[in-house]
Amino acid sequence: MNVVVIRYHSGNIQSVLFALQRIGVTPTLSSDPEVIKKADKVIFPGVGEASGTMKELKASGLDKAIIELKQPFIGICLGLQLMCEHSEEGNVDCLGVFDLQVKKFNPSKELKVPHVGWNSISNLKGPLFKGIKENDFVYYVHSYYAELGKQTCATTDYINPFSAALHKDNFNAVQFHPEKSGATGEAILKNFIEL
């Protein structure tokens with residue numbers, strides 16, 4: 001199976017590669033739209049800043065290549081946010097796969113921003129969560145979140161409820177880091193590989 005991880009200026013690519021190797025997958029790392037289009041599965045990891053990353057995607061043609069993909073696809077963290085319509089981070093228009101806005105958390109006295117650490121996922125829908133229990137814990141590091149909407153297939157509550165995962169057609173995305181989420185994260189990655 002040809003699994004391609006999209007290469008761009010992101011901080012978590014190496015940990016995604018290691019997580020895939022742990023479940024028996026040897027991925028290809030590429031920023032070439034033609035290589036990505038020929039993949040069986042595509043993974044779009046992300047740690048970074050939305051507006052700068054969108055500029056990078058446009059410069060390389062990856063912005064157009066991503067939205068034209070027909071094979072199973074998953075965006076992780078910033079990867080989820082960039083698949084939405086617009087992000088408050090840098091006030092930037094994104095890829096528009098999901099018709100949702102990305103907002104910045106408003107910190108409270110009790111809850112700080114960024115949202116860092118383990119939190120539960122609930123309202124699980126779809127094959128990505130096969131065998132995952134309601135309220136299983138996953139690992140987050142983010143200051144921005146996608147609103148809830150009809151494409152939401154898992155939720156988490158931190159300061160306010162938000163989309164922990166999104167799904168539309170062949171496109172999947174998770175706000176948390178499956179590569180850092182222990183057995184639950186590995187099971188979610190396996191489910192994606194089996195799509």
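Helix α5 (78–82) and strand β9 each supply at least two residues of the lining of the largest pocket. Here helices (H or I, at least four residues) and strands (E, at least two) are DSSP runs, numbered from the N terminus. This is a predicted model, where local features need pLDDT of at least 70, side-chain atom pairs count only at pLDDT 80 or more, and totals for chains, interfaces and linings use all residues. Residues are numbered from 1 along each chain as its sequence is written, and side-chain values use heavy atoms, with hydrogens and water left out.

**The largest pocket**
- The volume of the largest pocket is about 210 Å³.
- There are 14 lining residues, and the closest to the pocket's centre are V47, G48, C77, V141 and H142.
- A pocket, on a 1 Å grid over the protein atoms alone, is an open set of points where a 1.4 Å probe fits, with protein on both sides within 12 Å along at least five of seven lines; lining residues have an atom within 4 Å of a point.
- Grid points are joined across faces, edges and corners, and a volume is the space filled by probe spheres set on the points.

**Around H115**
- You'll find H115 in strand β8 (residues 115–120).
- H115 counts as buried because its relative accessibility is 2%; buried means under 20% relative accessible area, exposed over 50%, and partly exposed in between (1.4 Å probe, protein chains only).
- Leaving aside neighbours within four places in sequence, H115 is in contact with F105, Y140, V141, H142, T156, Y158 and F162, where contact means heavy atoms within 4.5 Å.
- F105 sits ten residues from H115 in sequence, and their C-alphas are 8.5 Å apart in space.

**Helix α6**
- Helix α6 (residues 182–193) has twelve residues and spans 17 Å from first C-alpha to last, close to the 16 Å expected; that expected span is 1.5 Å times one less than the number of residues.
- Its buried residues are T184, G185, I188, L189, N191, F192 and I193.
- Among the elements covering them are β1 (3–6), α1 (13–22) and β13 (171–174).

- A cis peptide bond, with omega of about 10°, joins V113 and P114; P114 is in the loop between β7 and β8.
- N135, in the loop between β8 and β9, has a positive phi of about 70° although it is not a glycine.
- I159 also has a positive phi of about 70° without being a glycine, and its place is in the loop between β11 (152–158) and β12 (160–168).
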